[in-house]
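Student: Hey, could you walk me through this one? I'd like to start with a strand and then get to the charged residues.

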Amino acid sequence: MLQPSVIAIDGPAGAGKSTLGALLANQLGYLYFDTGVMYRALALVALQAKLDLHDEAEMARLAYEVQIEVAAPITDDGRQYTVLVNGEDVTWAIRSPEVERNVSLVARYPQVRREMVRQQQQIGRRGNTVMVGRDIGTIVMPDADLKIFLEASLQERARRRAVERDDDPDQTVMAQIQQDLARRDQLDDHVLKPADDAVILQTDGLSPDDELAWILDYLAGHHNG
């Protein structure tokens, strides 16, 4: 089976991109690169420094100054990758609810996106990479050999987020998560669309293993047929 050099996986928050991307990269022996962690790292630094996240110029300055590295896991604690900001391990810190609520705001700024995309493209061009995000297939790596766009209902995405956080998925928690995700969808709307040549995968009712099997079958059929 011929393997694509770069695989792009896009979709809304909570659609399962990270889990699928990590599984696929592991299966193929590729680098797993969740591009969203760069925006999360930026939001974390801004929040810690108590900067004004509504100040685009300030956020752009931060994007150029902060050194963000994404690498293979350095600790066996369940992480899918390691994120370093100026040498500090922030892999779990960037998953906080506060970062979750603010990351889309930071990621909306054109100057911030330009710098982040430039850095992401440098990594992608090395090849043998599974890149996960919102606009990989359309903006970051439009020449990716395979583009996958995940779709999932708001209810399903909220359920997955609750499981991910080990929250007790009672009605109040689920309502709050759904509200946060809906807000993320609204903020991400400017980039959240599949590339014209993307393969659409509806993930409601599918396990990550089901999704992985579907893509591997697609790859086998696509390259053999």
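Student: Which way do the side chains point in strand E4 (residues 82-85)?
Tutor: Thr-82 and Leu-84 point one way, Val-83 and Val-85 the other, and all are buried. Buried means under 20% relative accessible area, exposed is over 50%, and partly exposed is in between (1.4 Å probe, protein chains only). Helices (H or I, at least four residues) and strands (E, at least two) are DSSP runs, numbered from the N terminus.
Tutor: Keep in mind that this is a predicted model: local features need pLDDT of at least 70, side-chain atom pairs count only at pLDDT 80 or more, and totals for chains, interfaces and linings use all residues. Residues are numbered from 1 along each chain as its sequence is written, and side-chain values use heavy atoms, leaving out hydrogens and water.

Student: How many bridges join E3 to E4?
Tutor: Four, and strand E3 (residues 68-71) runs antiparallel to E4. Two strands pair if DSSP finds at least two bridges between them.

Student: OK, salt bridges now. How many are there?
Tutor: The structure holds 15. Each is a side-chain nitrogen of Lys or Arg within 4 Å of a carboxyl oxygen of Asp or Glu.

Student: What does Arg-161 pair with?
Tutor: Glu-100, with the closest N and O atoms 2.5 Å apart. Glu-100 is in helix H4 (residues 97-107) and Arg-161 in helix H7 (residues 154-164), so the pair ties together parts 61 residues apart in sequence.

Student: Are those two buried or exposed?
Tutor: Both Glu-100 and Arg-161 are buried.

Student: Which residues make up the network around them?
Tutor: Salt bridges link Arg-40, Glu-100, Arg-161 and Arg-184.
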